[in-house]
Amino acid sequence: MGWFRRRTARDMAVLDMGQFTPLPRAGFLVGGAVRDTLLGRAVRDLDWLVPDPEEAAAAAAAALGTRAFALDATRGHWRVAAGGVTRDYAPLGTDLEANLRARDFCANALAADLSGALVDPTGGRGDLRAKRLRMVDAANLWADPLRGLRGARLAAELGFDLEAETAAAIGEHSGAVARGEVPPPAAERVGVELSRLLLSERAGPGAALLHRLGLLRAYLPELERAAGVAQGGFHHLDVLAHSLEALNQLTQGFPEADLALRWATLLHDVGKPDTKRYGPSGRFHFYGHDTLGAEMTKDVLKRLRLPSATVERASALVRRHMLPIPKTAREARRFVHRRRALLPDLLKLMIADREAARGPLASEANRRSYRIALSKVLEILAEPPPKAPLLDGRAVMRLLELPPGPRVGEAVRFVREAEAVGDVSTPEEAAAALKRYAAARGWGAGAG
C-alpha cells in the first residue's frame, strides 16, 4: 500500500486500541471514531475497514454475545450493536489512502491500524489542533448532498471554525439545492442532521451558521423567509435573528432542553412573515402568528420525518408561546391547570423569547416583573395536582340529570378548574358552583 511508505514520524502517534475491543483480525479504524478519540470525546460508533467484513462482524458478535447482521450484503457492509456501541465493518479494498481522500473533511479522513498508529494523508490531525473544519476536496461535498449540512453540524458539535474555501463550497452547493439544480438528500437524513445540530451545546451559533451558509434556504425555507422581517416594539432584531437568538438564550439558560423544545424555540415565530399586517395608524402587527406558526411547525417537522411525539409537542409549544403571563395567584393557578402538560417547557420558551427581544420598549423593570410572575407559576407547578376530581362524570350526570355526551366533559372540566384556582374545595361547593354554571349556560334538567 503506497500510503505506508509515505508515513512520517508525526503520523506514528499512537491511540490506545484496547478501548475498542474486540479488535478485528486485521484492518483499520477510520473516520469519526479516530477523530473523537483524539479530541477526548466519547465514541459510540466504530467504523472498521477490514479484509473480510462478514468474518470480522461474526467474530465480534460472538465475543459480545450478540448477532451480526448485513447492512448491505451486496456491498459487504455488516453491523454489530452491543453495549450502546455500534460497530460497522466494510471492505478494506486495495488503497486505504484513496478511501480516506474520498471523505468529506480532513478531520474525518483519519485511520488507525491495530497498533494505534495513525494514517493521516490530508493533515486532519493538524486541523483538530487548530479546531478547523476543512474539506478534502470540493467534489467530495457534491458526491453526497448531505455533506454540507454535516459540516455545519460538526462545526456546532465540535466548536470548530469552517475554513473559508470550505464554507464557500458548502454555500455554492446549498444554493444549488435551494434552486432545485441538484437533488436534496433524503428528508429523514436532513432531519437527523438538523436535530443533532440543535441538540449540541452551540445550537444557537450553529443555526446562525446554517443561515450564513445558505443551508436554511435549502432545508428550512419557511424560517429563512423571516430574514429581514422587522418587528419593532419590544424587539431589536428582525424575525430570523430574533429566532436564532431565542434558541441561543434557551440553550445557554436551559442546557437540559430537549429536542421538541429546541425546535419550538427556533420556529416559534415562523408564522410572522405571513401574518404581518399594517393597521390604520401605520403600525404593523402579527395577529395569529402563533396559530399559523404551530401549523407550519407541524408541517416542517413532519417533512423532516421527526417522531410524531416531537412534532406534536413542538407544535403545541409554538401555539401557546404568546399566552399572557398571569399577574395574580388565581390567574397563575388557572394557567398551571390549563397548561400543565406543556410546563415547564412553555415557560422556558417564553423566557428565551423575552430575553432575545430587548428592544426599545424593553426595560430591566419589565424583565424583573416578568421573572416575578414566572416564579409564581413555578411555585404552583411544584404543588402536586389533585389526585381525583371533586365530582366525576357519573356524579355530574346525576346532579344535572345529563345523559352521556360532551356537556358531561365540559362540566367535569369546569369543576376541575374551579378546584385548581381555589373557588371550591369540597364536593358540596363544587355541586353548588356547577349548578350555577349550568343555569348560566341554559342547561335545563335532562338536556343533552
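The structure is a predicted model, in which local features need pLDDT of at least 70 and side-chain atom pairs count only at pLDDT 80 or more, while totals for chains, interfaces and linings use all residues. Residues are numbered from 1 along each chain as its sequence is written, and side-chain values use heavy atoms, with hydrogens and water left out. The mean pLDDT of the chain (the predictor's confidence in each residue, from 0 to 100) is 91, and 95% of its residues reach 70 or more. Over residues 1–10, however, the pLDDT is below 50, and this stretch has 14 contacts (heavy atoms within 4.5 Å) in the model beyond near neighbours in sequence. Where pLDDT is low, the predicted coordinates should not be read in detail.

**Helix H7 with helix H9**

- Helices (H or I, at least four residues) and strands (E, at least two) are DSSP runs, numbered from the N terminus.
- The axes of helix H7 (residues 147–158) and helix H9 (residues 187–198) come within 9 Å and cross at roughly 20°, the axes being lines fitted to C-alpha atoms, for helices over the stretch in contact, with angles that run from 0 to 180 degrees between N-to-C directions.
- That angle makes H7 roughly parallel to H9, given that angles under 35 degrees count as roughly parallel, over 145 as roughly antiparallel, 65 to 115 as roughly perpendicular and the rest as oblique.
- H7 passes H9 in a left-handed crossing; a crossing is left-handed if the near helix is turned anticlockwise from the far one by less than a right angle, and right-handed if clockwise.
- On the H7 side the contact involves Leu149, Arg150, Ala152, Arg153, Ala156 and Glu157, which meet Arg189, Val190, Glu193, Leu194, Arg196 and Leu197 in H9.
- By class, this contact of H7 with H9 has six nonpolar, no polar and six charged residues, where Ala, Val, Leu, Ile, Met, Phe, Trp, Tyr, Cys and Pro count as nonpolar, Asp, Glu, Lys and Arg as charged, and the others, Gly among them, as polar.

**Helix H18 with helix H22**

- The axes of H18 and helix H22 (residues 406–420) come within 9 Å and cross at roughly 140°, which makes H18 oblique to H22.
- H18 passes H22 in a right-handed crossing, and the contact is made by Arg333, Arg334, His337 and Arg338 of H18 with Arg413, Arg416, Glu417 and Ala420 of H22.
- Sorted by class, the contact of H18 with H22 has one nonpolar, one polar and six charged residues.

**Backbone geometry**

- Most residues other than glycine have a negative phi, and most peptide bonds are trans.
- A cis peptide bond, with omega about 0°, joins Thr21 and Pro22, and Pro22 lies in the loop between helix H1 (2–5) and strand S1 (28–30).
- Leu343 and Pro344 are also joined by a cis peptide bond, with omega about 0°, and Pro344 is found in the loop between helix H18 (329–339) and helix H19 (345–357).
- Lys131, although not a glycine, has a positive phi of about 55° and is placed in the loop between helix H5 (124–130) and strand S8 (132–133).
- Arg305, likewise a residue other than glycine, has a positive phi near 60° and sits in the loop between helix H16 (289–303) and helix H17 (308–320).
- Lys131 counts as partly exposed at 44% relative accessibility, whereas Arg305 counts as exposed at 54%; buried means under 20% relative accessible area, exposed over 50%, and partly exposed in between (1.4 Å probe, protein chains only).

**Ser195**

- Ser195, found in helix H9, is buried, with a relative accessible area of 8%.
- Not counting residues up to four places away in sequence, Ser195 touches Leu259, Trp263 and Leu306.
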